[in-house]
Amino acid sequence: MSDIKPASDTPPSSGKSLAKTFSLVAFFTLLSKFAGLARDMVVGHAFGLGIVADAYNYAYSITGTILVLFGGQGGPFHTATFATLTKEREGGNGKLVMQMMAWTAIAMGLIALLVYIFAPIIVQAIVPGTVDANHGYSTAQRLVEVIKQVRIMAPLIMIAGLVGIGCGISNTYNEHFWPSIAPAFASGAIITFVLLPHTDGGVALALGTLVGGIGQLAVQIPGMLKSRPCLSFDIFTKLQPGMKEYLVMFLPLTFSTSIGTLIGYVDQAFSSGLVQGGWSAICNANRLVQLPLGILVTAMLVPIGPIFAKHVTAGKIGDLKSELKRALTLLWFLALPVSALLLVEGRSVIKLLFEKGAWTANDTEMVTSVLLILTPMIFFYVARDLLTRVFYAFQD
């Protein structure tokens, strides 16, 4: 047996341990979310809701969104990796981890290459709407700008999978700091590239996002090394113990995650025919909602997942129900004042944070109108993500 074993998946013996982990992850995630807010403010002040911001948000939906959904904590790579590595295996998990990373790099790298090659076709398919030149730019200008940024950010697709695996490995060894704080590096890189002298704002945003993604991967390396990854030729020729279990869990997780992304593309297709800044207004409003939502959901899901799994393994379904009810009650209790603040003072918050530089009063009104519609989804969102962890605990 390896002399380094994954942390036991035995759940905390009391609510105090859960509260401690929840608070710790919430604090780290809070730092990352505020770094993201600072990024949005800098980008908003620099470009407002014009062609650069619109093109970036369209391009990011093809590349960067994959990093957020697939590379973050709670994503398919993270969840499948964590669930697989918590089981001890003779000889350790070194070869299994290396096979996960190698196969992921190859598969996601090929997808990234295809996105780069077929960027013009992909962009025209998901951004079909025409733009009246009176709105500030032509449809042709927008397509050229989006395609350019998509090609710069295409490597993020491969990076996303590796970041997700890194988060899963780190959490297996009870390392929560780097996975929670890593997105702050991406935000910091974008802020830096936007503030540095540049002649093309779109290129600056895209390069900053790519460098930030590389930074997210780099900070995962210390946690990944704890698994003692072992490189050998047979990781390319045969399935390592645990790899089948990983794939069986990963594929449906990927499907369920992708459904939400496809819904976003439908919204994007309709908004592409709106006035300048329409899609950017939706993206900015959604990120304001996701700021508190991400903190609540991530902080709860990281410690609660192993607890659900342990109750299922022990056949204590009553305890599972009690734990689920307690967690959901806490999340809804915390979500109530946040939702009230966004509904009542949303316009004032947006004006205070963003209305400066290229950001106009009209931009504030556009984002506010979307924010009022999106805010109620907070209650359904936290319940959905918590309930899915119950299914994962049953290996469903």
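User: How do I read a salt bridge here?

Analyst: A salt bridge is a side-chain nitrogen of Lys or Arg within 4 Å of a carboxyl oxygen of Asp or Glu. Side chains of opposite charge can pair when their charged atoms come close. One case here joins the side chains of K148 and D200, at 2.7 Å from N to O. K148 sits in helix α7 and D200 in the loop between α9 and α10 (201-218), so this pair ties together parts that are 52 residues apart in sequence. Helices are DSSP runs of H or I with at least four residues, strands are runs of E with at least two, and the numbering starts at the N terminus.

User: What should I know about the model and the numbering?

Analyst: It's a predicted model, where local features need pLDDT of at least 70 and side-chain atom pairs count only at pLDDT 80 or more, while totals for chains, interfaces and linings use all residues. Residues are numbered from 1 along each chain as its sequence is written, and side-chain values use heavy atoms, with hydrogens and water left out.

User: Which other residue does K148 meet in a salt bridge?

Analyst: That's E145, at 3.2 Å from N to O. E145 and K148 are 3 residues apart in helix α7 (residues 139-153), so about one helical turn separates them.

User: How many salt bridges does a search of the whole structure find?

Analyst: The search finds 6. Among them, E365 and R347 meet at 3.0 Å, N to O. E365 lies in helix α15 (residues 361-374) and R347 in helix α14 (residues 317-354), so the pair ties together parts that are 18 residues apart in sequence. There's also a network of salt bridges linking R39, D40 and R287.

User: What does S187 touch?

Analyst: Contact means heavy atoms within 4.5 Å. S187 touches A35, G36 and R39, leaving aside residues up to four places away in sequence. S187 lies in helix α9 (residues 177-195) and is buried, with a relative accessible area of 1%.

User: And how do I read a nonpolar core?

Analyst: In soluble globular proteins, nonpolar side chains tend to be buried together. A nonpolar core is a set of buried Ala, Val, Leu, Ile, Met, Phe, Trp, Tyr and Cys residues joined through side-chain atoms within 4.5 Å. The largest one has 60 residues, and V123, V150, L205 and Y246 have the most contacts inside it. Another core lies apart from it, with 37 residues, among them I350, W359, V370 and V382. As for L205, its contacts include V43, F47 and I190.

User: How many helices and strands are in the chain?

Analyst: The chain has 16 helices and 0 strands.

How values were computed
Buried means under 20% relative accessible area, exposed over 50%, partly exposed in between (1.4 Å probe, protein chains only).
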